[in-house]
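The sequence and the model are shown first.

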Amino acid sequence: MAIATVNPATGETLKTFEPLNVGEIEERLFRAERAFRAYSRTDFAQRAGLMHRAADLLEADQESIARTMTTEMGKTLVSARAEAAKCVKAMRWYAEHAEAQLADEHPAKADVEDSGAARAFVRYRPIGTVLAVMPWNFPLWQVIRFAAPALMAGNTGLLKHASNVPQTALYVEELFRRAGFPEGAFQTLLVGSGAVADLLRDDRIVAATLTGSEPAGRSVASIAGDEIKKTVLELGGSDPFLVLPSADLDKAIRTAVTARVQNAGQSCIAAKRFIVHADVFEQFASGFVERMAALKVGDPMDEGTDVGPLSSAQGRSDLEELVDDATRRGATALCGGGRPLHLQEGWFYEPTVLTGITEEMRIHKEEAFGPVASLYRVTDLEEALTLANDSPFGLSSNAWTRDPAEQEVLTRDLEAGGIFFNGMTASHPGLPFGGAKRSGYGRELAGHGIREFCNPTTVWFGPEE
Ligand code: NAP
């Protein structure tokens with residue numbers, strides 16, 4: 001894919017970039033390694049000072065970077081501003097909490113004695129330069145949720161961002177440089193995905209994190225595995241949204257719409273499969289369809305727009321194929337099902353609710369990366385659970401029930417990295433985030449996230465004679 005800014009609302013190519021050549025990549029690898037040697041020796045107070053400064057700069061840049069994101073990948077300006085604000089919050093959160101999260105761990109006295117030590121502890125030490133391969137859908141947030149903990153842990157970072165968000169990618173490098181992080185502590189590599197294999201095999205890169213699709217994850221993990229390098233994978237999702245009879249239906253309907261169409265439906269943790277108990281199905285379906293059909297699709301820069309364009313022509317045609325496959329095999333579109341007639345330019349798609357979905361339809365198992373909801377009717381909790389788990393993915397899940405016994409069963413049996421009751425799945429700096437099954441492994445955010453790229457070193461002192 002060419003490295004370029006192409007406005008998804010118009011299809012116009014605004015700026016193109018030459019990928020870095022071999023020599024330019026080499027320079028950056030050299031700088032990253034050199035930076036790690038010095039930067040890893042800084043203390044938490046020094047790193048926190050730099051991170052707070054970066055957060056302040058980002059806060060001041062909120063409007064301009066939001067406009068860049070909207071221009072590059074089509075999210076609404078309102079949501080782009082919110083994304084920038086969320087990044088500021090996460091940077092401050094890690095600046096304040098990293099030291100405690102990486103504090104030395106002291107095993108139980110009996111275990112220390114049993115090892116024959118006078119004393120022993122575990123120290124979380126930085127590991128080196130981590131490669132981050134990132135997607136375009138939350139072009140700032142995905143990077144910051146890697147970069148803030150990585151830098152606070154004392155690591156250095158190299159970013160290979162998605163090829164359609166180069167200006168956002170360059171902005172992040174510049175942000176950390178302006179904040180005073182040493183040269184080479186965080187760098188952007190404007191390269192295509194074909195350059196990733198050689199990077200992973202380079203000794204100066206010690207680990208990798210990838211957020212993106214399953215094929216990309218498989219490729220990165222297999223090469224890194226061959227090199228015995230740690231990876232964290234945040235891949236796709238097809239999160240279930242269960243609605244059971246005790247749910248607050250009004251709230252569930254309103255949340256269902258937001259959960260499905262956030263970011264024009266291009267969110268890994270968007271609810272995609274709506275699994276509704278027969279007792280409340282008709283009421284839920286009519287309210288949900290009414291609200292989905294009423295959404296305003298249009299210019300993402302317009303503050304009144306609910307749903308902007310999809311990020312690329314390819315993304316839209318992939319979605320069209322999924323919907324066409326389902327309707328050809330007998331599914332019904334209760335609303336939407338095609339391109340909005342009033343928008344001739346750009347890669348828009350109507351908010352759509354499909355029902356009558358069967359196992360042989362692709363959408364039953366594949367991820368719909370756009371504003372298309374699959375609506376299912378079930379007769380009891382067991383059937384709801386079976387359907388929810390009938391997916392290769394296991395990122396997060398939503399369940400609407402006020403019954404504590406049902407909540408307990410779902411907490412035990414839902415196959416996912418997150419279970420959100422009576423609310424929408426979202427990521428928060430202080431809560432771990434990540435998936436199960438084909439949605440990946442490892443965690444980002446919270447203490448779990450910062451410890452992924454550390455060396456938990458056992459430090460043991462023999463008894464003094
Ligand atoms: P993608 O095609 O996998 O791209 C993601 C990143 O991987 C881009 O930087 C891309 O570079 C690179 N890439 C692609 N193929 C690669 C390969 N074979 N080897 C190395 N790098 C490769 O994914 P996408 O379509 O942009 O993003 C959508 C997917 O990401 C969805 O499945 C979504 O659910 C998932 N996602 C998951 C999370 C999560 O936290 N679990 C969050 C957001 C998105 P180029 O742009 O240069 O191709």
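The model is predicted. One of its sheets is open and consists of six strands, arranged in the order E6-E5-E4-E7-E8-E18 with mixed pairing. Strand E6 (186–188) and strand E18 (440–441) each have a single partner strand, so one side of each is left without a neighbour in the sheet. The partner relation between strand E5 (residues 156–160) and E6 is parallel and extends over three bridges. Within this sheet, Gly-157 is placed opposite Phe-186 of E6.

Helix H1 (residues 22–39) packs on the sheet, where it touches strand E4 (129–133), E5, E6 and strand E7 (205–211). The direction of H1 makes about 150 degrees with that of E5. Helix H9 (residues 214–226) lies across E7, strand E8 (230–234) and E18, and it runs at about 170 degrees to E8.

**The seven-stranded sheet**

A further open sheet has seven strands in the order E11-E12-E13-E10-E9-E15-E16, and its pairing is also mixed. Its edges are formed by strand E11 (332–335) and E16, each of which pairs on one side only. E11 and strand E12 (residues 352–355) are joined in the antiparallel sense over three bridges, and Cys-335 stands opposite Val-353 in E12.

Helix H7 (residues 166–179) comprises 14 residues and spans 20 Å from its first C-alpha to its last, close to the 20 Å expected at 1.5 Å a residue. Its buried residues are Pro-166, Thr-168, Ala-169, Tyr-171, Val-172, Leu-175, Phe-176 and Ala-179. An α-helix has 3.6 residues a turn, so residues three or four places apart point the same way. After H7 comes Gly-180, with a positive phi near 105 degrees.

The axes of helix H3 (residues 62–73) and H7 come within 8 Å and cross at roughly 150 degrees. Because angles over 145 degrees count as roughly antiparallel, H3 and H7 are therefore roughly antiparallel to each other. On the H3 side, the residues that meet H7 are Ile-65, Thr-68, Met-69 and Glu-72; their counterparts in H7 are Pro-166, Gln-167, Thr-168 and Tyr-171. Of these counterparts, Pro-166, Thr-168 and Tyr-171 are also among the buried residues of H7.

**Two buried serines in loops**

Ser-397 is found in the loop between strand E14 (393–394) and strand E15 (398–400). Its relative accessibility is 0%, so Ser-397 counts as buried. A polar atom of the Ser-397 side chain lies 2.8 Å from the backbone oxygen of Gly-418. Beyond its neighbours within four places in sequence, Ser-397 is in contact with several residues, including Asp-239, Pro-240, Leu-414, Gly-418 and Thr-425.

Ser-427 belongs to the loop between strand E16 (420–421) and strand E17 (436–437). Ser-427 is buried as well, with a relative accessible area of 6%. The side chains of Ser-427 and Trp-141 are joined by a polar contact of 3.2 Å. Apart from its neighbours within four places in sequence, Ser-427 is in contact with Lys-86, Trp-141, Arg-145, Ile-269, Phe-433 and Leu-445.

Key
Residues numbered from 1 in each chain as written. Predicted model: local features only at pLDDT ≥ 70, side-chain atom pairs only at ≥ 80, totals over all residues. Heavy atoms only, no water. Helix = DSSP H or I, 4+ residues; strand = E, 2+ residues; numbered from the N terminus. Expected span 1.5 Å × (residues − 1). Buried < 20%, exposed > 50% of the residue type's maximum accessible area, 1.4 Å probe, protein only. Polar contact = N/O pair within 3.5 Å; in protein donor to acceptor, adjacent residues only side chain to side chain. Contact = heavy atoms within 4.5 Å. Pairing = 2+ DSSP bridges. Axes fitted to C-alpha atoms, helices over the stretch in contact; angles between N-to-C directions. Parallel < 35°, antiparallel > 145°, perpendicular 65-115°, else oblique.
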